[in-house]
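Colleague: Hi! Could you walk me through this one?
Modeller: Happy to, let's open it up.

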Amino acid sequence: QAAAVRVYVNSSSENLQYPVLFVVRQQKGVLSWQVPLIFRGLYQRTYSYQEVSRTLCPSEPTPEMGLSDQIIFVDVASMAPFDIAYQLLVTRLENFQLETNKAFNFTASPSQPQYFLYKFPQDVDSVIIKVVSDAVYPCSVVSVQDIVCPVYDLDHNVEFNGVYQSMTKQAAITVQRKDFPGEQFFVVFVIKPEDYACGGSVPSSVPGNVNRTWNLQRTKNLQVTIVPSIKKSVYVQAMFFSFLSFLSFYLGSVVVAFVHYIRVRRKASAGRWSPEDGSGIITSSHPITASTPEGSSYGAIDESSSSGGRQLSSPERGLPAGSDTDSSVEEESDFDTMPEIESDKNVIRTKVFLYLSDLSRKDRRIVSKKYKIYFWNIITIAVFYALPVIQLVITYQTVVNVTGNQDICYYNFLCAHPLGVLSAFNNILSNVGHMLLGFLFLLIVLRRDILHRRAMEMKDVYTLDYGIPKHFGLFYAMGIALMMEGVLSACYHVCPNYSNFQFDTSFMYMIAGLCMLKLYQTRHPDINASAYSAYASFAVVICLAVLGVVFGKNDVWFWVIFSMIHVLASLALSTQIYYMGRFKMGECYAGVFRRAAAVLYTDCVQQCSRPMYMDRMVLLVVGNLVNWSFAIFGLLYRPRDFASYILGIFICNLLLYLAFYIIMKLRSSEKLLPIPLFCIVATAVVWAAALYFFFQTLSSWEETPAESREKNRPCILLGFFDDHDVWHFLSAAALFFSFLVLLTLDDDLDAVRRDKIPVF
């Protein structure tokens with residue numbers, strides 16, 4: 001059992017011009033200080049202490065000398081022209097070495113720091129140093145230093161060596177045997193003279209004023225316990241659990257696909273093949289009349305009123321089967337620049353009752369090609385966004401490892417398991433679900449796309465008039481976005497802090513936006529946003545998020561401008577949706593707001609009893625109320641977590657639109673097939689469980705690092721994952737089920753003519 005020597009000195013002198021100097025000379029080092037001992041705080045405030053107690057750096061016995069006595073010289077001097085009284089006491093510390101799994105209590109103050117020795121047991125490769133205190137203040141620092149003299153145990157030099165973190169009521173540092181060749185280290189405890197570093201207020205003291213009782217006010221009782229960390233086998237188990245959990249989704253998808261294949265083959269052999277069992281294309285058993293019936297007029301929709309318009313604008317009518325190619329020769333402008341089409345289109349889109357055939361009049365190949373741009377653009381965005389992010393977080397991790405400052409990153413230190421250069425490998429591993437399930441979703445979409453192409457090659461051209469138009473570009477983009485969310489969330493958790501939280505949320509905005517666009521595209525395939533305008537809108541949102549990080553803390557002007565932009569954007573978009581206008585950036589200007597005024601006059605003054613488009617009006621009124629509420633809340637409370645605030649706006653709008661879509665679907669006597677119904681239930685259950693763990697706050701970069709550590713909790717899953725890791729697992733599954741809902745929601749319409757499918 002190692003022992004050390006502690007020197008206690010006290011002087012009644014308050015004269016800062018003539019302090020008493022103490023110099024302790026040892027075999028391998030010199031330690032010196034003065035009494036009164038002066039600490040400097042913020043704005044050059046000074047604090048003086050008449051009582052000082054220091055532990056001398058212990059000398060290791062050599063093989064030649066053995067356990068011989070160590071000689072210590074203590075020199076006392078002062079330049080004062082008068083006598084100064086002082087006290088000197090040298091004591092032996094019997095409890096200098098800390099033991100594994102045994103709590104040790106002690107007291108420290110700014111002028112009386114403490115440090116202790118710990119030696120790794122033979123079978124332990126990693127330990128966690130847990131420090132707790134009943135009092136929040138005074139602010140303290142816990143440091144782990146190598147066995148080197150001198151030991152840096154004062155406020156102004158504790159950061160010079162080793163690993164350290166600030167502390168209020170709780171701290172935890174994981175130490176690995178490989179980092180200390182001598183298999184032992186010092187645990188140093190320093191009390192800071194001021195509390196501002198831990199979130200406390202700065203004391204109102206006059207610089208240079210001596211307060212003799214300050215020493216008593218800054219005393220803190222601490223308890224340290226060193227416990228073994230997890231073994232390497234736990235890392236392996238956690239990796240197997242993470243991958244096998246999500247690979248089970250692959251197995252389930254294969255089983256569902258196989259059952260579906262057997263079911264289709266049996267019905268095909270029995271002559272009872274149904275489009276709902278295949279790729280979603282029905283076989284035409286009779287000619288479909290494409291002419292407009294006599295007597296039809298504007299607003300009167302019958303079985304073929306839309307087909308005539310489709311015949312006018314779609315050259316596919318004369319194409320043979322199997323001619324579905326993405327020719328680069330055809331352009332969308334071939335159809336949109338014709339005045340007849342423009343006038344016909346504007347008339348059709350202002351009908352009181354719209355059907356899907358009215359909004360799926362463009363060439364399917366050109367529209368599908370337009371939506372594929374979403375996929376290719378998001379890949380480009382992902383590469384250019386992710387590479388600088390990866391480079392930056394690697395730099396963050398390098399700075400943490402080199403400086404030892406663990407206040408840079410906001411980990412859950414009670415459940416932060418290092419691996420290699422990474423400080424919290426568990427927070428990174430738990431994001432594997434987003435990548436695996438995102439890739440699985442891409443495979444599911446690819447399978448549907450291939451089956452659809454095969455059906456297009458086998459069936460005659462009249463099959464285009466049935467079901468929801470199959471455009472998979474947005475689905476591919478959603479799968480890439482889910483994978484990139486996993487990558488960027490892992491990057492954020494390399495070193496989570498205030499400045500890089502936007503990395504964790506950027507693709508969440510894109511996921512929410514793409515889901516809303518896909519939901520709108522389902523029944524508005526001809527008038528949905530182009531990829532360029534959509535991604536430009538996402539870029540504006542991310543720019544606002546960055547500005548919110550910089551200016552959103554206390555600047556009222558930023559919140560006023562943002563709230564105005566939010567409200568005006570909601571009104572502009574609502575007007576476009578209400579009139580089935582094209583969602584393009586160039587139209588969202590003064591003309592839109594004049595149209596909004598016309599809407600209010602037409603629907604609320606001329607015919608106040610009932611708006612022209614009742615369902616759309618209800619959705620947009622509720623949506624605007626929700627968005628205005630967000631704007632008012634932000635303006636009044638100015639939340640510091642601006643990125644999460646914007647994400648909340650996106651998610652609430654998405655949930656509102658999805659609920660409206662499902663309600664209108666059921667109102668239209670459409671049905672939910674078993675698979676989408678299961679996905680809806682699974683989405684709701686998994687999201688509820690995920691949000692429970694999300695709100696179990698384990699750290700918060702909105703506070704100081706010391707205050708954030710008060711929220712740290714131990715691991716809850718396999719002794720490796722914490723609550724936030726479980727949130728990662730569940731949110732990945734919830735997003736996957738959410739995507740499947742959008743993918744399968746309208747499978748029941750595959751056998752329904754498009755001029756019978758309502759638009760809402």
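This is a predicted model: local features need pLDDT of at least 70, side-chain atom pairs count only at pLDDT 80 or more; totals for chains, interfaces and linings use all residues.

Colleague: Good. How do strand 2 and strand 3 pair?
Modeller: Strand 2 (residues 20-25) pairs with strand 3 in the antiparallel sense, over 6 bridges. They form a hairpin with 4 residues between them.

Colleague: Which residue is the bridge partner of Phe-22?
Modeller: That is Trp-33, in strand 3.

Colleague: And which side chains of strand 3 are buried?
Modeller: Leu-31, Trp-33 and Val-35, which point to one face.

Colleague: Switching topic: what is the strand order in the open sheet of 4 strands?
Modeller: The order is 10-15-12-13, with antiparallel pairing. Strand 10 (114-119) and strand 13 (163-167) are at the edges with a single partner strand each, so one side of each has no neighbour in the sheet. On average, neighbouring strands are turned by 20° against each other, direction ignored.

Colleague: How many bridges join strand 12 to strand 13?
Modeller: There are 5, and the two strands run antiparallel. Among the bridge partners are Val-142 and Gln-165, the latter in strand 13.

Colleague: Now the helices. At what angle do helix 11 and helix 12 cross?
Modeller: Roughly 155°, with the axes coming within 10 Å. Angles over 145 degrees count as roughly antiparallel, so that is what helix 11 is to helix 12. The crossing is left-handed.

Colleague: Which residues meet there?
Modeller: Leu-544, Leu-547, Gly-548 and Phe-551 of helix 11 meet Trp-557, Phe-558 and Phe-562 of helix 12. By class, this contact has 6 nonpolar, 1 polar and no charged residues.

Methods. Residues are numbered from 1 along each chain as its sequence is written. Side-chain values use heavy atoms; hydrogens and water are left out. Two strands pair if DSSP finds at least two bridges between them. Axes are lines fitted to C-alpha atoms, for helices over the stretch in contact, and angles run from 0 to 180 degrees between N-to-C directions. Buried means under 20% relative accessible area, exposed over 50%, partly exposed in between (1.4 Å probe, protein chains only). Angles under 35 degrees count as roughly parallel, over 145 as roughly antiparallel, 65 to 115 as roughly perpendicular and the rest as oblique. A crossing is left-handed if the near helix is turned anticlockwise from the far one by less than a right angle, and right-handed if clockwise. Contact means heavy atoms within 4.5 Å. Ala, Val, Leu, Ile, Met, Phe, Trp, Tyr, Cys and Pro count as nonpolar, Asp, Glu, Lys and Arg as charged, and the others, Gly among them, as polar.
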